[in-house]
Amino acid sequence: SESRKCKATLRGHYYPIQCLHAQGNVLITGSLDNSIRAWELPTSQPDQQDELQDDNQPYLLMNRAHNFDVFCLQFQDSLLVTGSSDNTVKIWQMSWGTSERCNYVPYAIDCRETLRVNSCVTSMQFEGDRVVTGSANKQAQLWDMHTGQAVATFSGHTDSIRALQFTQNCIVTGSNDSTVKVWDLRRKEATATLRGHKGGIRCLKFEGSRLVTGSTDHSVRLWDLNSGLSYTMLEYSTSVTALGFHKDTLAAGFHDTRIQLLSF
């Protein structure tokens with residue numbers, strides 16, 4: 001099989017990683033320890049693995065963001081949005097500066113607004129002034145970020161939604177019912193249900209027709225959204241709880257608190 005090398009292992013959270021998002025040379029992670037942490041990504045070659053220990057304070061900043069678990073997050077430029085089991089979505093303003101490596105990185109965050117949701121927020125994404133949330137009540141909802149009001153509801157899963165992503169007219173959701181659903185945002189209905197995992201979906205990421213999903217069945221699957229076909233890309237000894245990819249790097253977070261960066 002194809003060899004995939006670990007680029008780095010980042011340590012700092014005290015409980016399992018639930019979400020992560022990478023942009024440029026910055027990675028932000030959320031955890032069951034109620035906190036979010038920002039990391040400056042290493043620049044070593046794939047065959048030179050870095051092991052960064054917590055006592056060296058490798059992360060750029062840490063914030064006790066919510067009263068309970070941080071299940072989802074996304075950042076773009078200076079805007080960070082997080083969702084939690086405390087039934088809230090928080091919108092943060094990040095301040096950026098230059099690090100010792102001369103990279104442009106965040107050094108402080110302040111909460112700008114809090115949206116109140118009627119269920120545990122397990123997944124979320126924002127685009128422009130729109131936010132889509134997935135919740136323990138088995139529903140996905142589209143929100144207006146300015147008014148704080150839900151403008152559309154998507155129902156069809158038989159268990160809680162744990163992962164989602166949306167583009168202008170499409171939402172993809174992953175659930176504890178082991179399925180992935182593709183929704184038409186205009187018609188407000190599901191157009192496909194994807195089956196392949198043997199456990200609940202914990203994370204997903206798609207770009208074009210390529211979809212990657214992580215599950216409690218300890219696997220990462222790669223899907224073709226045009227055909228609906230998939231195969232097991234990677235297998236582990238613990239649940240895959242967070243995924244992201246950028247160019248040739250796949251970032252994966254695990255239930256045992258590890259984060260791995262792999263050639264993709």
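Start with strands β16 (residues 170-175) and β17 (residues 179-184). They run antiparallel and are joined by 5 bridges. Two strands count as paired if DSSP finds at least two bridges between them. Strands themselves are DSSP runs (E, at least two residues), numbered from the N terminus. This is a predicted model: local features need pLDDT of at least 70 and side-chain atom pairs pLDDT 80 or more, while totals for chains, interfaces and linings use all residues. Residues are numbered from 1 along each chain as its sequence is written, and side-chain values use heavy atoms, leaving out hydrogens and water.

Select Gly174. Opposite it in β17 stands Val180. Now look at the turn: 3 residues separate β16 and β17 in this hairpin. Ser178 in the turn has a positive phi of about 75 degrees.

Go back to β16. Of its 6 residues, 5 are buried, that is, under 20% relative accessible area with a 1.4 Å probe and protein chains only; over 50% is exposed, and in between is partly exposed. Leu164 stands opposite Thr173 in β16. This hairpin, too, has a 3-residue link, from β15 to β16.

Select Trp183 in β17 and Phe154 in β14. They form an edge-to-face pair, 5.9 Å centre to centre, with 65 degrees between the planes. Rings of Phe, Tyr and Trp (its six-membered ring) pair if their centres lie within 6.5 Å; planes under 30 degrees apart are stacked, over 60 edge-to-face, the rest tilted. The two residues are 29 apart in the chain. Both Phe154 and Trp183 are buried.

**The four-stranded sheet**

Follow β14 into its sheet. This open sheet has 4 strands in the order β11-β12-β13-β14, paired antiparallel. β11 (121-127) and β14 (149-155) are the edges; each has a single partner strand, so one side of each is left without a neighbour in the sheet. Neighbouring strands are turned by 20 degrees against each other on average, direction ignored; the axes are lines fitted to C-alpha atoms.

Zoom in on β11 and β12 (residues 130-135), which pair over 6 bridges. Gln125 has Val132 of β12 as its bridge partner.

**The cores**

Select Ile28, Ile36, Phe75, Leu80, Met94 and Ile109. These have the most contacts inside the largest nonpolar core, which has 16 residues. Such a core is a set of buried Ala, Val, Leu, Ile, Met, Phe, Trp, Tyr and Cys residues joined through side-chain atoms within 4.5 Å. β3 (26-31), β4 (36-40), β7 (70-76), β9 (88-98) and β10 (104-116) each supply at least two of its residues. A second, separate core has 14 residues, including Val220, Val240, Phe245 and Phe254.

Arg258 lies over its face, 4.7 Å from the ring centre. Arg221 lies over the face of Trp223 at 5.8 Å. A charge sits over a ring if NZ of Lys or CZ of Arg is within 6 Å of the ring centre and within 35 degrees of the ring normal.

**Two loop residues**

Most residues other than glycine have a negative phi. Select Asn34, in the loop between β3 and β4. Its phi is positive, about 75 degrees. Finish at His218, between β20 (210-215) and β21 (219-224). Its phi is also positive, near 75 degrees. At 27% relative accessibility, His218 is partly exposed.

Key
Axes are lines fitted to C-alpha atoms, for helices over the stretch in contact, and angles run from 0 to 180 degrees between N-to-C directions.
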